[in-house]
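Trainee: Could we go through this protein together? I would like to learn what stands behind each label we put on it.

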Amino acid sequence: RPAGASNAELAQWWKSWNDPVLNALVDEALAQNLDVAQAVLRLRQQKLLAQTSGSAFLPVVSTGARTLQDISASDTYFHASIDVSWDLGLFGDAQAARRASSASVLDAAAQLHGARVALVADVVHRYLDIRLAQVQRNVMARQLEQGQNQLKLLQVRRDQRLGDTQALDQPRLQLSQDEAQLALIAGNQARAAHGLAVLLGRDRADPQWLSLLPGAAIPSAKAISVVPADMLRKRPDIQSAEAAVEQAAAEVGVAHSALYPRLTLAGSLLYSYNLTQNFRTTSDAMPMFGPQIDIPLFDWGRRRAVASGKELALQASIKAYRQAVLNGVAEAEGALAAIA
């Protein structure tokens with residue numbers, strides 16, 4: 001990294017070019033790019049869902065009303081009830097649900113970070129391609145002008161019988177090659193310009209990006225010599241792998257909680273009225289409250305197999321995380337070696 005650079009400065013590495021146009025383009029891309037906007041909305045969605053991760057373990061109150069007949073079909077009754085159910089989320093079930101929500105938020109944040117990192121890199125790449133093409137076009141334009149002047153001079157020498165016609169073949173060939181190279185450079189510039197417009201969320205490229213800019217120069221950046229270790233952990237692929245580990249751990253918690261009895265507190269207040277005989281008694285309103293226990297007996301083997309499978313998936317996600325770290329280290333070291 002540049003001498004004395006902080007992590008905050010490295011997070012805005014493109015500013016090391018000290019190019020106001022490039023800085024403005026990056027700011028516009030971060031504000032207008034559609035891929036980044038989608039990632040921002042997904043992160044907001046996951047944060048909203050995470051706020052309700054514990055709602056499944058809160059008391060649920062419901063009401064209902066219906067009519068029904070007795071077994072002999074002689075009387076019709078009107079039933080109204082208020083029902084309460086509370087899943088206590090024991091044996092780590094509630095904690096696993098919150099952990100799964102946190103993992104979803106972490107993954108969405110990693111996806112947003114990855115979208116921003118890729119966007120900035122693409123914007124800088126396209127911008128530098130445009131500047132490089134403009135510099136190359138200026139060089140090729142001067143070279144073409146020199147080639148045309150040389151060809152005219154040779155034609156004059158031929159007309160004055162100071163040279164032969166064969167002396168014109170090589171300059172003509174070189175001139176044709178230069179014209180083809182100039183067209184290729186212009187095509188590369190156009191592709192970079194239109195690609196930059198897409199990254200900025202525009203429907204057309206800026207005319208200046210397509211034009212031949214006299215005096216164009218490629219901006220130079222400060223050399224990078226050292227990358228801090230904590231920058232490696234901020235890589236989007238490593239953050240996504242970390243989120244996958246958290247998600248797998250949460251699924252293990254849910255699977256393990258399913259191996260134990262599920263305890264639910266339930267209550268109900270039932271009101272009944274005989275519509276046929278048009279009367280009610282004091283025993284028509286019946287309150288009930290008590291625990292409900294779901295014990296895994298006959299399907300315990302299936303639940304145990306699911307828990308074992310989730311544990312294996314957790315081990316696989318941990319190895320994937322380690323592989324992501326190794327890949328990140330290798331790419332960082334390779335990039336520094338290329339710079340050196």
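Mentor: Gladly. Let's begin with the word "element": helices are DSSP runs of at least four residues, strands are runs of at least two, and both are numbered from the N terminus. The model here is a predicted one. From the N terminus on, its elements run α-α-α-β-β-α-α-α-α-α-β-β-α, which comes to nine helices and four strands.

Trainee: Which residues have the most contacts inside the largest nonpolar core?

Mentor: They are Leu 25, Val 26, Val 123, Val 124, Leu 196 and Trp 209, in a core of 27 residues. Helices H2, H3 (34-51), H4 and H5 (169-199) each supply at least two residues of this core, and H4 gives the largest share, ten residues. As background, nonpolar side chains in soluble globular proteins tend to be buried together. Trp 209 is worth a look on screen: leaving aside residues up to four places away in sequence, its contacts include Leu 25, Ile 130, Ala 193 and Leu 196.

Trainee: Why is the pair of Arg 262 and Asp 93 called a salt bridge?

Mentor: The cut-off is a side-chain nitrogen of Lys or Arg within 4 Å of a carboxyl oxygen of Asp or Glu. The closest N and O atoms of Arg 262 and Asp 93 are 3.1 Å apart, so the pair meets the cut-off of 4 Å. It links distant parts of the chain, with Arg 262 in strand S3 (residues 262-274) and Asp 93 in helix H4, 169 residues apart. Asp 87, Asp 93 and Arg 262 are linked in a network of salt bridges.

Trainee: Are the two partners, Arg 262 and Asp 93, buried or partly exposed?

Mentor: One of each. Asp 93 has a relative accessible area of 9%, so it is buried. Arg 262, at 34%, is partly exposed.

Trainee: How many salt bridges are there in the whole structure?

Mentor: A search finds eleven. Another one joins Glu 331 and Arg 235, at 2.8 Å from N to O. Glu 331 lies in helix H9 (residues 300-339) and Arg 235 in the loop between helix H7 (229-233) and helix H8 (236-257), so the pair ties together parts that are 96 residues apart in sequence.

Trainee: What makes the phi of Asn 18 stand out?

Mentor: Most residues other than glycine have a negative phi. Asn 18 is not a glycine, yet its phi is positive, about 55°. The residue sits in the loop between helix H1 (7-11) and helix H2 (20-32), and its relative accessible area of 65% makes it exposed. Phe 91 also has a positive phi, near 60°. Its place is the loop between strand S2 (76-87) and helix H4 (93-159), and at 46% relative accessibility Phe 91 counts as partly exposed.

Methods:
Residues numbered from 1 in each chain as written. Predicted model: local features only at pLDDT ≥ 70, side-chain atom pairs only at ≥ 80, totals over all residues. Heavy atoms only, no water. Buried < 20%, exposed > 50% of the residue type's maximum accessible area, 1.4 Å probe, protein only. Core = buried A, V, L, I, M, F, W, Y, C linked by side-chain atoms within 4.5 Å. Contact = heavy atoms within 4.5 Å.
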